[in-house]
Amino acid sequence: SSIVRLGDGEFGLMRGASVYFNDWRQKFNKDLQKGLLGILASKSTNMIICLPGDHLTMTKEELEAIGKGDEFRYWINSKVLLHKYVQNDRVYGSSFAFYPAINTGIDYSKLKTYFLKKRVVIITSSLERFKDISLGKSTHLIEAPKSDGWDKIDEIRETFHKLVKDNNYIPKEVLVMVSMGPAAKVFVYELAEEGYTAWDAGQFFDLAYKNIQAL
């Protein structure tokens, strides 16, 4: 399955706000907002939609206990939005799926076996850091901007599809791992609809590589 993880930034964009964190940002864009809402509304069976379930369901007291009491109103507003889209017959994943400190059951030996069956395409920023990474039958890197990834989405789409065409890859043999902020979510959804397997994995690919190397 493809994997899309929605968090506070995505809910902020869906509610009409830009997102800023330290020196990173994603400016509000109506097309991006529409794409994110489309993910929530999707009936696709080949994609796992992941939500920050713990934060969505915690009481104000529980959030205060972990030092996040000021986020309570934010998550209340997000739940109001989510109520319009949640599907009672869908199983949702956790937005923290790629955080080993929270998801302690990640099996890197199984990941290694899986990766070796795939043509891995990694889309992220500052590629120089990962120039030696090798995960699958082949590993390709596509540069993404550090901020405002949605501004470059057309260029990234074109680069990805050219790479696939030039190498004569078929969708079922490709695994795309994307680290591009909120823009990654919509791009992963698009790729899943095209028959690719794509993971909105953040920079988990780097951690996976290091753990696989240590096996």
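## A cluster of rings

In this predicted model, ring pairs join Phe98, Tyr108, Tyr114, Phe115, Trp199 and Phe204 into a cluster. Across the whole structure, a search turns up eleven aromatic pairs. Take Phe96 and Tyr99: their ring centres are 5.8 Å apart and their planes meet at 75°, so this pair is edge-to-face. Phe96 is buried, at 17% relative accessible area, while Tyr99 comes out as partly exposed, at 43%.

Tyr114 belongs to helix α6 (residues 108–115) and Trp199 to strand β9 (residues 197–199), so the pair ties together parts that are 85 residues apart in sequence. How covered are they? Trp199 has 8% relative accessibility and counts as buried, whereas Tyr114 is partly exposed, with 25%.

## Strand β4 and its neighbours

Which strands pair with β4 (residues 47–51)? Strand β1 (residues 2–5) pairs with β4 in the parallel sense, over four bridges. In that pairing, Arg5 stands opposite Cys50 of β4. Strand β5 (residues 93–94) also pairs with β4 in the parallel sense, over two bridges. Here you can find Leu51 with Ser94 of β5 as its bridge partner.

β4 itself is mostly covered, with four of its five residues buried.

## Helix α8

After α8 comes Gly195, which has a positive phi, near 100°.

## The whole chain

Zoom out, and the chain has nine helices and nine strands. Its C-alpha atoms fill a box of roughly 50 × 40 × 40 Å along the principal axes. For 215 residues, a compact globule would have a radius of gyration near 17 Å, and the chain has 17 Å, which agrees.

Of the 215 residues, 48% count as buried. If you take the contacts with a separation of 6 or more, 64% of them are between residues 24 or more positions apart.

Note on methods. Residues numbered from 1 in each chain as written. Predicted model: local features only at pLDDT ≥ 70, side-chain atom pairs only at ≥ 80, totals over all residues. Heavy atoms only, no water. Buried < 20%, exposed > 50% of the residue type's maximum accessible area, 1.4 Å probe, protein only. Pairing = 2+ DSSP bridges. Rg over C-alpha atoms; globule rule 2.2 N^0.38 Å. Contact = heavy atoms within 4.5 Å. Phe/Tyr/Trp six-rings, centres within 6.5 Å; stacked < 30°, edge-to-face > 60°.
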